[in-house]
Amino acid sequence: EQLRLPLLNDGRIDVGELLDQLYARGVRSLLLEGGSTLAASFVTAGLVDRVLAYVAPALLGSSGVPVLANLGLTSIEDILRLKIQDVTMLGDDVRIEMRT
């Protein structure tokens, strides 16, 4: 099944409308794995309640891919604080589960 949603003025879809449409079809949970722009769209809209971060003991440097695109935050007071719920070792890697 495909959903067709109108584009906003900036050329993106309304992620709130997307969730409404999915909810109407019985979807109650959504895993975002599409990249920094998609993740930032949901964070900016206040639609993220859980974050799973995987950390590997490796350094990539400036050629790495950002987790989030620009959220438009201008001061430290504006940051979104998360609460750590669980930390799990997965071999040499670490999974951190956080909630808003």
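**A pocket between helices**

Start with the second largest pocket: H1 and H2 each give its lining at least two residues. Before you click, note that this is a predicted model, where local features need pLDDT of at least 70, side-chain atom pairs count only at pLDDT 80 or more, and totals for chains, interfaces and linings use all residues. Residues are numbered from 1 along each chain as its sequence is written, and side-chain values use heavy atoms, with hydrogens and water left out.

Helices (H or I, at least four residues) and strands (E, at least two) are DSSP runs, numbered from the N terminus. A pocket is an open set of points on a 1 Å grid over the protein atoms alone, with protein on both sides within 12 Å along at least five of seven lines, and lining residues have an atom within 4 Å of a point.

H2 provides the largest share of this lining, three residues. The volume is about 190 Å³, taken as the space filled by probe spheres set on the points, with grid points joined across faces, edges and corners. Select Leu8, Ile13, Val15, Ser41 and Ala45: of the 13 lining residues, they are the closest to the centre.

**On to the core**

Now zoom in on Phe42. Not counting residues up to four places away in sequence, Phe42 touches Val15, Leu18, Leu19, Leu30, Leu32, Leu47 and Val48, where contact means heavy atoms within 4.5 Å.

**A stop at Ser36**

Ser36 sits in helix H2 (residues 36-44). Is Ser36 buried or exposed? Ser36 is buried, because its relative accessible area is 15% and buried means under 20% (1.4 Å probe, protein chains only). Leaving aside neighbours within four places in sequence, Ser36 is in contact with Pro66, Val67, Leu68 and Ala69.

**Last stop: the largest pocket**

Select Leu32, Val48, Arg50, Val51 and Leu52, which lie nearest the centre of the largest pocket among its 35 lining residues. H1, H2, strand E1 (50-55) and strand E3 (93-99) are the elements giving two or more residues to that lining. E1 supplies the largest share, five residues. About 1,400 Å³ of space lies in this pocket.

Notes
Buried < 20%, exposed > 50% of the residue type's maximum accessible area, 1.4 Å probe, protein only. 1 Å grid on protein atoms, 1.4 Å probe; cavity = no way out; pocket = protein on both sides within 12 Å on 5 of 7 lines; lining within 4 Å.
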